[in-house]
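Student: I would like to learn how to read a structure like this one, feature by feature. Could we go through it together, beginning with the general idea each time?

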Amino acid sequence: MVTSLASADLERHLEVQRLAYRCCSEIAAELAPGVTEREVAGRMRTWLVARGVDDWLHVPFAWFGDRTAFRGFKIPTQFLPGSRRLERGMPFILDCAPMVDGTMADIGYADCLGENRIFDRLFADLAEFRPFILERVKAERPLCEIWRDVDALIDKMGYDNRHTVYPGHVLAHTVTRVSTRRPRVILGAFGVRFLETLGRELITERLRGRSPLWNGSARSNHPAYPGLWAVEPHIGFQSVGVKFEEILVVTESDAYWLDDAPYHVQRWQKAAA
Amino acid sequence: MTLGSSKELRVVGSGGVSLYVRQWGDTSKPTVLFVHGYPDNSDIWLRTIERLEARFHVVAYDVRGAGRSTDGWMFGGYALERLVADLRAVIQATAPADRKVHLVAHDWGAIQGWEAVLDASVAPRIASFTFFGAPCLDHAAWWLRSRIRADPRTFVDALGQLARSWYVFAFHAPLLAPLAWDHGLARVWPRLLRLDGVTSAPEPSPTQAKDGARGVWLYRSNFLHKLLHPKEGRTELPVQTVVSRRDPFVAPGLYSELAARVPNLWRRDLEAGHWTPLSHPDAIARWVSELVDYVEAGEEGKECPSLRRARTHARSERAPRSRKRFDGRLVVVTGAGSGIGRETAIAFAKLGAKIVAVDLDAASAQRTAELASLIGPTAHAYPVDVSDRAAMEALAKGIARDHGVPHIVVNNAGIGLAGPFLETSIDDWKRVIDVNLWGVIHGSHLFGEQMAKTGSGGHIVNVASLAAYLPSRSLSAYCTSKAAVLMLGECMRADLASSGIAVSTICPGVVNTNITRTTRFVGQSQEGERRQQRKVSALYRLRNFTPRRVAREIVRACAENRPMVPVTGEAKFFAILGRLSPAALRAFARMSPLSQ
């Protein structure tokens, strides 16, 4: 089931997305050396629940140090927040996907504690991907080709494609509105209600030869279909990984970012000024 | 070159020991004083001295117990105070009272030299100090302590150095060393020197057995005390050190924190073993004269470019840094804009090397340099076509002028060409041979010449391919060019060894790089060529052997001086198969991976 693109619905998604960003920036501002990934993920959860979040697309994630670049990741449980402690100069990524009353958002927030030259460079280079992807979605290029173009751009920059490590190698996936009244249970790291909607979408879209999971395979050999896509390019170099994640709105005739200036865009603008 | 005659004299050292001293050259010129190590005598300096005697007043002497000097009393007679007193006596006897001397010391000479430099009564007579083959014992003690206390990685460094110092422990065992020297070690000594890279070992010295047996008292009298009670070890004097990368007794990392205690420091890196005065007299002589000239010129003196580059400053960070394998070395990589070249540049940068990234495409070379400098010291990009001799000459000159002579050159640039032999045009052939073979010849020739000339030695790595020994009907031009590179590497390795230059050839198999996306497929329409490129690229992606893994092998080939390295399973497989059954390779050659 595709979420409606009525402006009231978009407004709700935007609210949840902004809430998620506020959560990450407030918690990131208070990070200090010695804190563990698990503690930070817990803080995010508490913060969001206190502000009305009632279910999850996935529970909050936090990755520190070379775990931001998914180094040595072999099995899915390694994505879960662990006991890695934050140190000065370490990059970190906070990733949360809260749901409020069935409306979801999925965001990624990258920063580092103190100074890190590699992080600064990666973060600056990440800016290129936002217009790069939007342009191609607008031109209705098949998603698998965009995935490969993004991969080639990452290679040209000399970085590693890190979203290829995600389940399904996804550069993006759809986000929807969940309307079922089923219990709010977490399975693995994902909300059951989200998994159910996603599963249903996988099947219905499959019948049309499309996929809600945007990767480089033949299943993504179609332009983006109308709906909301959480786009998450993730690049890595050495022991640093950087990503952004935010909702892209795709309509019948156009595509645009749900929020003009989320955290990372503000940061790029500030750097450019 | 022949050595002029020397003036011999006897100097009375501490406790009445008679020291055998020789002088060469004009006494009105700056005095350079040489102190030898263990188990040598002052003859070890003759090769260096013959290169310097015309320009300087040169003095060398046999340390007590060695060569033609008399022995000290075993217990206490070899204590560092005695050795420093000897050194002072030699300075007083040979240099006018108003003149300072330039000290050059190797191995135990360096340890004594440091003691003198840190001694308030001798230091005022020393103008500069060039040392190698051993650290200051005070510094070594601090270095070991900082590493044993820090994290496990640096602890490994400390253990590594202690393992290299095995002989120090052995020398403390009674009788062991003297017996060994008396029963054959002295006779085989020149042969052991050859193992250390001294290609023309000197005649066995008549006093070798005695020098070896007596000299162990140097260790017994001083080591333990020094390590347990190190002094601060700071000096403002101009100090130059030569770091030998393959020294079996001294880890290069031992010098990593020198600049913190020695503000006026120059560091030279040499691809050499321990006995550098014998193996690299050219480099030693040149570096000594550069420093002496600079110091003698006084206030208005200007460092020559090579000396300026060697200047070393203290690192700001406090914590002891783990040793990096290629600290202070300059690595040139061609074809560095992508694939194996880029990963190689990054891998070396990560290990502390300064990088010069060369590529036909200026933007991608620049990008590689930026990435390398993110994780390493400095990196520079040069847009050059390796097949253009004039451009390569200008490149080699420019690099030598701006950054010095490279220690490692990786000739990696290459292009792909596929298609049947009869459809490969002369121009296609020329282009492939120009880049793949001539590029390697130019790179090896120009940089090899610099390495040989300066005497600093180095390492040349040529990237060939599995195609160098696996024939294929569809790759006649490519295979031919790569086979030539492989043979060139083998010949160069044999030839350049005497100049201290190592040569490695790397043969990667199917590696996922952009070479498949730029390979020319002759005898195909444009659309057909694109289809082939896509097809082969997809195949290579499926194999998914990353260029990073090849880079790792290249670094290893340099670290371990390996002659030929097939990388990837298929490259290793066919290397073996070719030995077992050349006919099997010919059968493979008949198969065509290209659809017609």
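Tutor: Let us begin with burial: a residue counts as buried if 20 or more other C-beta atoms lie within 10 Å of its own, as exposed if 12 or fewer do, and as partly exposed in between. Please keep in mind throughout that this is a predicted model.

Student: How many C-beta neighbours does Arg67(A) have inside 10 Å, and is Arg67(A) buried or exposed?

Tutor: Arg67(A) has 24 C-beta neighbours inside 10 Å, and therefore it counts as buried. This residue lies in the loop between strand E1 (55-64) and strand E2 (91-100) of chain A. Arg67(A) and Val242(A) are 175 residues apart in sequence, yet the C-alpha to C-alpha separation in space is 11 Å.

Student: Which strands make up the open sheet of three strands in chain A, and in what order?

Tutor: The order is E5-E11-E12 of chain A, and the pairing is antiparallel. Strand E5 (160-161) and strand E12 (240-243) of chain A stand at the edges with a single partner strand each, which means that one side of each has no neighbour in the sheet. Between strand E11 (residues 234-237) of chain A and E12(A) there are four bridges, and Phe237(A) is found opposite Val240(A) in E12(A).

Student: Now for chain B as a whole: how many helices and strands does it have?

Tutor: Chain B has 22 helices and 18 strands. Its radius of gyration is 27 Å, close to the 25 Å given by the globule rule for 596 residues, so chain B is as compact as a globular protein of that length. The C-alpha trace of chain B spans about 90 × 55 × 50 Å along its principal axes, and 51% of the 596 residues of the chain count as buried.

Student: Can burial be read for a strand too, and how many of the residues of strand E10 (residues 330-334) of chain B are buried?

Tutor: One counts the buried residues along the strand, and for E10(B) the result is five of the five, so the strand is largely enclosed by the rest of the structure. Leu330(B), Val332(B) and Thr334(B) are buried on one side, while Val331(B) and Val333(B) are buried on the other, which leaves both faces covered.

Student: Which strands pair with E10(B)?

Tutor: E10(B) pairs in the parallel sense with strand E11 (residues 354-359) of chain B over five bridges, and it is also joined by three bridges to strand E13 (residues 408-411) of chain B, again running parallel. Val332(B) has Val356(B) as its bridge partner in E11(B) and Val409(B) as its bridge partner in E13(B). Together with helix H13 (residues 339-350) of chain B, E10(B) and E11(B) make a right-handed β-α-β unit.

Student: Which residues touch the most other members of the largest nonpolar core?

Tutor: That core has 153 residues, and those touching the most other members include Leu94(A), Trp229(A), Val331(B) and Ala357(B). Leaving aside residues up to four places away in sequence, Ala357(B) touches several residues, among them Val333(B), Ala345(B), Ala369(B) and Ala381(B).

Student: How many residues of strand E1 (residues 7-12) of chain B are buried?

Tutor: Of the six residues of E1(B), the number buried is zero, so this strand lies largely in the open. E1(B) pairs in the antiparallel sense with strand E2 (residues 18-24) of chain B over six bridges, and Arg10(B) stands opposite Tyr20(B) in E2(B). The two strands E1(B) and E2(B) form a hairpin with five residues between them, and in the turn Gly15(B) has a positive phi of about 70°.

Student: Which residues have a positive phi although they are not glycines?

Tutor: Asn544(B) has a positive phi of about 50° although it is not a glycine, and Asn561(B) likewise has a positive phi of about 50°. Asn544(B) sits in the loop between helix H19 (526-543) and helix H20 (547-560) of chain B, and it is exposed because 9 other C-beta atoms lie within 10 Å. Asn561(B), in the loop between H20 and strand E18 (564-567) of chain B, counts as partly exposed, with 14 C-beta neighbours inside 10 Å.

Conventions. Residues numbered from 1 in each chain as written. Chains lettered and ligands numbered in written order. Predicted model: local features only at pLDDT ≥ 70, side-chain atom pairs only at ≥ 80, totals over all residues. Core = buried A, V, L, I, M, F, W, Y, C linked by C-beta atoms within 7 Å. Contact = placed C-beta atoms within 7 Å. Pairing = 2+ DSSP bridges. Right-handed = clockwise from strand over helix to strand, strands pointing away. Rg over C-alpha atoms; globule rule 2.2 N^0.38 Å.
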